[in-house]
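Here is my note on the structure shown below, written as numbered points. Please keep the model open beside the text and look up each residue as it is named.

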Amino acid sequence: MKIYTIEELAELLHVNESTIRRSLQRGQFPTPQRLGRKLRWHEEVISAWLKGPVEEPPPEPPRRGRPRVA
């Protein structure tokens, strides 16, 4: 069982550490385990997240005003 640090995940996913932190704040990334101030992720959690269902982007809100006539 491998345990990843944020630095290792950034390298594995080919993204910057700040991208992971932002995604974590937005709830778009698996919740880490905390060891003091350090963040750690279990390999199984990351694997499941990567294999998980892809979320559809939310639909665009309806436009206001009259519809355009071509």
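1. Two strands pair if DSSP finds at least two bridges between them, and the strands themselves (E, at least two residues) and the helices (H or I, at least four) are DSSP runs, numbered from the N terminus. With that in mind, three strands form an open sheet in the order β1-β3-β2, and the pairing is antiparallel. The edge strands are β1 and β2, each of which pairs on one side only.

2. A word on the origin of the values is needed before going further. This is a predicted model, in which local features need pLDDT of at least 70 and side-chain atom pairs count only at pLDDT 80 or more, while totals for chains, interfaces and linings use all residues. Residues are numbered from 1 along each chain as its sequence is written, and side-chain values use heavy atoms, with hydrogens and water left out.

3. Returning to the sheet, β2 and β3 run antiparallel and are joined by three bridges. Within this part of the sheet, Arg34 stands opposite Leu39 in β3.

4. Leu39 also belongs to the largest nonpolar core, which has nine residues: Tyr4, Ile6, Leu9, Ala10, Ile20, Phe29, Leu39, Trp41 and Ile46. Such a core is a set of buried Ala, Val, Leu, Ile, Met, Phe, Trp, Tyr and Cys residues joined through side-chain atoms within 4.5 Å, where buried means under 20% relative accessible area, exposed over 50%, and partly exposed in between (1.4 Å probe, protein chains only). Both α1 (6-13) and β3 (38-42) supply at least two residues of this core, and the largest share, three residues, comes from α1.

5. Which residues does Ile46 touch, not counting residues up to four places away in sequence? If contact is taken as heavy atoms within 4.5 Å, Ile46 touches Tyr4, Leu9, Phe29, Pro30 and Trp41.

6. The structure holds two aromatic pairs; rings of Phe, Tyr and Trp (its six-membered ring) pair if their centres lie within 6.5 Å, and planes under 30 degrees apart count as stacked, over 60 as edge-to-face and the rest as tilted. The rings of Phe29 and Trp41 have their centres 5.7 Å apart and their planes at 85°, so this pair is edge-to-face. Because Phe29 lies in the loop between α2 (17-25) and β2 (33-35) while Trp41 lies in strand β3, the pair ties together parts that are twelve residues apart in sequence. Phe29 counts as buried at 8% relative accessibility, and Trp41 counts as buried at 1%.

7. The rings of Phe29 and Trp49 have their centres 4.7 Å apart and their planes at 65°, so this pair too is edge-to-face. Trp49 lies in helix α3 (residues 43-51) and Phe29 in the loop between α2 and β2, so the pair ties together parts that are 20 residues apart in sequence. At 35% relative accessibility, Trp49 counts as partly exposed.

8. Side chains of opposite charge can pair when their charged atoms come close. Counting a salt bridge as a side-chain nitrogen of Lys or Arg within 4 Å of a carboxyl oxygen of Asp or Glu, the count comes to one. Glu8 forms a salt bridge with Lys2, the closest N and O atoms being 3.5 Å apart; Glu8 is partly exposed at 32% relative accessible area, and Lys2 is partly exposed at 34%.
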